[in-house]
Amino acid sequence: MKKTKGKGGGDEPQQPPVRMLFIPANSSATALFQTLNDNEGQALMFETEGDTLTTTFRSEHGNYSDGLRKAFHHEPITYNRRKDREYVEITMPRLSVLLSGTPRQVGALIPDAENGLFSRFLFYNLPLRPVWNDVFAGNDDDTLDSRFLRLGGRFFQFYTRLLKAGPLRFTLTVEQQVEFNRFFGNLQEQGLQCKGPDMLASVRRLGLTAYRICMVFSALRLMDYEGDAPLPATLCCRDDDFHTTLLMIQVLLRHTEAAYESLQAEASHTSHPASVSQGNTSEKRRQALLQMLPPEFDRALYQDKAHEAGIPTRTADRYLIELCNQGRLKKEGHGVYAKK
């Protein structure tokens with residue numbers, strides 16, 4: 001039996017959501033936001049090489065730094081899908097990102113502390129230990145994979161129990177609130193005096209991080225509730241958990257300061273006269289190319305003008321991305337750009 005085109009057809013079936021807990025850093029901005037939306041705003045990103053995210057940010061469609069900044073505060077992420085002319089709003093994104101790499105990879109990903117992305121990350125530098133570990137220690141039948149599977153199963157049961165319990169309210173005691181304000185007030189004053197205003201954002205967001213760690217510690221205490229015992233509707237942080245959190249923050253602040261100093265040192269190095277001369281040359285070429293273009297243009301015209309200016313294709317592509325990231329150009333559509 002032959003199928004007749006255009007007859008007897010129904011509505012096109014709706015594409016099912018893409019369910020995945022881990023989102024690769026090597027994703028376009030639209031793909032990341034769409035997957036995050038399909039997963040009800042919840043996802044993890046884990047990369048053993050921080051350069052993966054750096055490379056993605058430098059690509060034409062991969063800079064989703066604004067999405068990471070918004071997700072830290074659970075602020076709405078909105079975008080339009082051209083395919084169905086659909087407006088999408090992720091009302092409360094919850095995205096956790098874990099990256100490992102060398103200190104120089106931090107500078108490549110986050111050029112300076114003024115970038116809001118710096119203050120949204122926690123930094124921890126593992127010092128080199130010149131000790132050879134016994135690589136055969138603990139060589140038994142119980143593998144790391146099996147251990148993590150058991151832990152995963154245990155925490156999934158706990159997670160399911162929390163969902164059934166419904167919303168929980170978390171509080172600090174009045175004494176803890178007073179100590180919290182005094183602690184971070186002192187940290188802010190010290191940071192301002194020693195490092196300058198660029199460190200203020202990091203100190204203030206460490207305050208939010210501290211509150212979240214207290215919440216996690218208090219929630220984990222609920223795992224001690226046996227069987228079907230009802231969970232309390234309000235969680236109040238224990239003093240030992242509260243002070244453990246403040247100790248952790250002191251350590252994290254030191255590592256943040258070290259990362260900040262590293263960025264400052266790199267900025268000072270790149271401000272060497274020879275580097276400034278090279279940077280000025282690049283900026284002049286970008287500006288000259290921008291002046292050769294009409295208020296609105298497509299990619300083909302852009303490449304033609306770049307060729308006239310003697311700029312190689314790959315360099316011109318890099319200039320295009322940089323001009324968009326700087327806000328001097330705006331992408332109006334597929335391959336279409338406009339000056340701002």
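Predicted model: local features only at pLDDT ≥ 70, side-chain atom pairs only at ≥ 80, totals over all residues.

I began with arginine 161 and asked: buried, exposed or partly exposed? Its relative accessible area comes out at 22%, and buried would need under 20%, so I wrote down partly exposed. Arginine 161 sits in helix 5, residues 144-165.

Next I checked what arginine 161 touches. Leaving out residues up to four places away in sequence, I got Leu222, Tyr225, Glu226, Gly227, Asp228, Ala229 and Leu231. I followed up on aspartate 228: it is 67 residues from arginine 161 in sequence, yet the C-alpha atoms are 9.2 Å apart in space.

Then I moved to helix 3, residues 65-72. Which of its residues are buried? I found Ser65, Gly67, Leu68, Ala71 and Phe72. Looking down the axis of helix 3, I saw these buried residues fall within an arc of 160°, so they line one face of the helix. I reminded myself that an α-helix has 3.6 residues a turn, so residues three or four places apart point the same way. The buried residues of helix 3 pack against several elements, including helix 1 (29-38), strand 4 (94-99) and helix 7 (200-220). Just past helix 3, I noted a positive phi of about 60° at histidine 74.

Last, the strands. Strand 9 (336-339) pairs antiparallel with strand 7 (296-298) over three bridges, and four bridges join strand 9 to strand 8 (329-333), also antiparallel. Tyrosine 337 in strand 9 has phenylalanine 297 opposite, and lysine 331 stands opposite tyrosine 337 too. Two residues separate strands 8 and 9 in their hairpin, where glycine 335 takes a positive phi near 75°.

How values were computed
Residues numbered from 1 in each chain as written. Heavy atoms only, no water. Pairing = 2+ DSSP bridges. Buried < 20%, exposed > 50% of the residue type's maximum accessible area, 1.4 Å probe, protein only. Arc of directions from axis to C-beta. Contact = heavy atoms within 4.5 Å.
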